[in-house]
Amino acid sequence: FAGKNTKSLLAEKVRSIKVSEIKAVPVVIKEETSVYDAIVTLFLEDVGTLFVVQEDGSLCGVVSRKDLLKIAIGNADIRQIPVSVIMTRMPNLVTVTMEESAFDAARKIVEHQVDALPVVKLKEAEGKVKYEVVGKVTKTTITKLFVELGRV
Ligand code: ADP
């Protein structure tokens, strides 16, 4: 153990694991998708957060359970309203890349008080920087990792 305490070993471990090793499959919808269809997708796919992409597949927003609940309890016609009206948009999205660590991802989830982060890959199109969604890291992902690390 060469003088290393349990705490620093744990820190080293969670910082050495990359997002690419723990990421889950993201559920993605188009920005024209209605709030109604987004709610149906949430149930069918059994997720809590949906990632919203533009026609070219680049990330433009995130919709959470509560974003959908909030609009659904009002008297809005949720079959007519697109998710783009209620989503949290770029550049306000908190994201991670494949190369960042599990620790970085967990810290972002805690600090920004969100349930899920899109894993993104930078791509350039027509001189603009865009993000392709290649995965997600959620509270469930981190809990699963915690369980794996806790096994003897
Ligand atoms: P819920 O609102 O269902 O509890 P969250 O805590 O994840 O779920 O979402 C809280 C708010 O933060 C919502 O308005 C949502 O759109 C937004 N949000 C969720 N994920 C992200 C993210 N990765 N980056 C920025 N905002 C986010």
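**Exercise 1.** Determine how the side chains of R107 and E111 meet, and where in the chain the two residues lie.

Solution. In this predicted model, where local features need pLDDT of at least 70, side-chain atom pairs count only at pLDDT 80 or more, and totals for chains, interfaces and linings use all residues, we begin with the contact itself. R107 and E111 meet in a salt bridge at 3.7 Å, N to O, a term that stands for a side-chain nitrogen of Lys or Arg within 4 Å of a carboxyl oxygen of Asp or Glu. Next, both residues belong to helix α5 (residues 102-112), where they are 4 residues apart, about one turn of the helix; helices (H or I, at least four residues) and strands (E, at least two) are DSSP runs, numbered from the N terminus. Residues are numbered from 1 along each chain as its sequence is written, and side-chain values use heavy atoms, with hydrogens and water left out.

**Exercise 2.** Classify D56 and K130 as buried, partly exposed or exposed, and describe their link.

Solution. The classes are buried (under 20% relative accessible area), exposed (over 50%) and partly exposed (in between), with a 1.4 Å probe and protein chains only. D56 has 39% relative accessibility, so it counts as partly exposed, whereas K130, at 15%, counts as buried. Their side chains form a salt bridge of 3.0 Å, N to O. This pair links distant parts of the chain, 74 residues apart, with D56 in the loop between β2 (49-53) and β3 (59-64) and K130 in strand β6 (residues 128-138).
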